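This note sets out points for a colleague who is meeting the structure for the first time. Please read the points alongside the sequence and the model.

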Amino acid sequence: MLYLFIEQALNGLQYGLMLFLLAAGLTLVFGIMDLINLAHGSLYMIGAFLAAAFYQWLGSFFPALLLAIIATALIGVILERILYRRLQGMSHLSQVLATFALILIANETIKIIFGAQPLMIGMPESLSGPIELVPDELYYPAYRMLIIGVGLAVALGLYLLVNRTRIGMWMRAGASNPQMAAVMGVRIKPLFTFVFALGAALCALAGALLGPLLAVSVGMGESILIPAFEVIVIGGIGSMRGALVGALLVGMIDTLGRLALTFGLKLVVDSATAATLGPTLASMMVSLLMVCVLFFRPQGLFPARG
Amino acid sequence: MIKKTCIALACSTALAAGSALAADSIKIGMMTTLSGPGAGLGIDIRDGFNLAVKHLGGKIGDLPTELIVADDAQNPETAKQITERFIKRDKVDIATGVVFSNIMLAVGPAFFAAETFYVSANAGPSQYAGADCNPFFFNVAWQNDNLHEAMGKHVQDKGYKKVALVAPNYPAGKDALTGFKRFYQGAVAEEVYTKLGQLDYAAEIAQVRASGADALYIFLPGGMGINFIKQYSQSGMLKKTPLFAPGFSGDEDVVKAVGPAMEGAFNTSHWYREMDNAVNQRFVADFQKDFNRLPTLYASQGYDAAMLIDAAVKAADGKIEDKAALRKALETVKAPTTRGEYHFGNNHYPVQSYYLREVVKNADGSVSNKYVGKVMDKHTDAYAKDCKM
């Protein structure tokens, strides 16, 4: 039972860290640029498809990952220049409509280029087996360990970037009061482009890392967009720390909640009913958490604006 | 105005008279899943169906044939809209193609109300096999429980005592585990239902490991199965707790994607590639030639669906407007089939044999399915007795 708990905690950590990569970009764009970007999930999909394409071309995982990140960041820069810059300052409804249209355009474009069938990315051979954490008792897939490692490293990197560098200071200034930051001499437009490209790069990293575990398919962005939004609402919009805490909370509740609920329900009802009811209730728990946060702390757990 | 009405009346009389004559063309609506994680299944059904039409010289029932293909994207809402279009605008004579049972149950009533024959090439929900069976519904493949029943029997015969079960939480998932447990008598170590379309199974695999099961049975068709088996192999479990599956998680689509890790996995099916009959040999050879991949059970079902419709329309002398005659023909006609032989039970589901297959390594290093033996002979589904038609 203890080992099951540890393994599920690792799974929750892995899911949470991947959510963090997406939520970090989303919360920065939302917080700093005051822009609701529904197409954030599409950047994740584009990153995954580019990684799959580069993988087929190069036959090697890590170079493909790197190229996909750079290419997606470039796409982010282009999108910011020609579209998102114009959307800034418009009403949130216009932004939602425009970026929703972008989702449809992205999905159809990918379908035309790559076809409707899911693509596979092969994982590095050396990482395709399990690691024995506790002999004979606890195994964990090596590749998922890598994801956890990369996720933690990126979280640390982002923390240092936001809290220890000049760009990070501008970003924090922009998040708490963009007009004042501009008046104080922060060049806000290049900052926005940088933030957007950073968000796109993080999306691509998540998409490419998850590619070998999940299939790379059209519409994969929408399924992860809702949890990502839940994360930033829970964590507080614009706050990097909030995104990390929110993502880990959501990841843990989703994974451990399923285990705990199914286990708990088995004490009350028969096992078949518990097996059906547990996952259904667990998927509601994240939304319930969000509702509670909105009710008791509408600004989120770690609000960027004081 | 009066004149117009007269013309309309004359037309409708002519139409009514025409119903007794042979139709001059046939329109078939194929709505199937062509995008998303379940796309491989729909694509195989479509390609199998098309190959049969090609073998029939482009004509079903000797009539000029129009095949309308639509993608339901595995979404019941989209499927309902397409069904409306098929019935009201396209006025299809016969519909086919749905892969997933939740979609079949969502669109079935509309087709039945419009008295449009539905020949399912895959989805075989227990509802339509039992109390809710319908004169307009035929399933050319199997009843959902069947392949699972066959595997339940095999796992039971092999002497496993504590099996863990994983299936998606939707009608066919429930049918699957019910079917398995009908013939497997041992203990259930863990029964896990997942979300339909789920792609990450880390949590479920951990649960299976912790349950101490001596074998695992999964029903996860298409992309779900591909992901599960890959992740199961990565977790090191495949070597410790053997995996059993129906043909849906063990056919060439899954084997090709998962690769050598699948070697030694057993699965059950109503069809196998080496079947020794002329129809199947031609189907397998031409499918590989046309599509450059090995056919799956889904492709064989698509092929058989087209062959059944063709044979029935011919047997009814092309009178597709005469519903009673066409139904009689569908029920009784002996259509050419890739699986050697089958016939319909009283609920319009096939009575047929089920076989065991194993994934083996070929001389060139690739892996594919190989026939092992027969598990069930001329098996009738468990719901047929509840069908009063």
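The numbered points below begin with conventions and then turn to the structure.

1. **Basis.** This is a predicted model, in which local features need pLDDT of at least 70 and side-chain atom pairs count only at pLDDT 80 or more, while totals for chains, interfaces and linings use all residues. Residues are numbered from 1 along each chain as its sequence is written, and chains are lettered from A and ligands numbered from 1 in the order in which they are written.

2. **Overall form of chain B.** Chain B contains 13 helices and 14 strands; helices (H or I, at least four residues) and strands (E, at least two) are DSSP runs, numbered from the N terminus. The C-alpha trace of chain B spans about 80 × 40 × 35 Å along its principal axes.

3. **Burial and contacts.** Of the 389 residues in chain B, 56% are buried. A residue is buried if 20 or more other C-beta atoms lie within 10 Å of its own, exposed if 12 or fewer, and partly exposed in between, with C-beta atoms placed from the backbone. Among contacts in chain B with a separation of 6 or more, 73% join residues 24 or more positions apart. Two residues are in contact if their C-beta atoms, placed from the backbone, lie within 7 Å.

4. **Two domains in chain B.** Chain B is divided into domain 1 (2-142 + 276-348) and domain 2 (146-269 + 354-382), with bounds from an automatic or database domain assignment. The C-alpha centres of domain 1 and domain 2 of chain B lie 29 Å apart. Where they meet, 18 residues of domain 1 of chain B are in contact with 20 residues of domain 2 of chain B. On the domain 1 side, the elements giving two or more residues are H2, helix H4 (101-113) and helix H5 (126-129) of chain B.

5. **Contact between the chains.** Chain B supplies 27 residues to the contact and chain A supplies 29 residues. On the side of chain B, two or more residues come from each of helix H2 (39-55), strand S8 (187-194), helix H8 (202-211) and helix H9 (223-234) of chain B. H9(B) gives the most, with 5 residues. By class, this side of chain B has 13 nonpolar, 11 polar and 3 charged residues; Ala, Val, Leu, Ile, Met, Phe, Trp, Tyr, Cys and Pro count as nonpolar, Asp, Glu, Lys and Arg as charged, and the others, Gly among them, as polar.

6. **A residue of chain A that reaches chain B.** A:Leu259 is found in helix H10 (residues 240-268) of chain A. A:Leu259 counts as buried because it has 23 C-beta neighbours inside 10 Å. Leaving aside neighbours within four places in sequence, A:Leu259 is in contact with A:Gln8 and B:Ala203.

7. **Strand S9 of chain B.** From strand S9 (residues 215-218) of chain B, B:Ala215 and B:Tyr217 point one way and B:Leu216 and B:Ile218 the other way, and all are buried. Strand S7 (residues 162-168) of chain B runs parallel to S9(B), joined by 4 bridges, and B:Val163 stands opposite B:Ala215. S9(B) also pairs in the parallel sense with strand S10 (residues 243-246) of chain B over 2 bridges; two strands pair if DSSP finds at least two bridges between them. The bridge partner of B:Tyr217 in S10(B) is B:Phe244.

8. **Two positive phi values.** Most residues other than glycine have a negative phi, and most peptide bonds are trans. B:Glu115 has a positive phi, near 55 degrees, and lies in the loop between H4 and S5 of chain B. B:Glu115 counts as exposed, with 10 C-beta neighbours inside 10 Å. Phi of B:Asn292 is also positive, near 60 degrees; B:Asn292 is found in the loop between helix H11 (278-291) and helix H12 (297-315) of chain B. B:Asn292 is exposed, with 7 other C-beta atoms within 10 Å.
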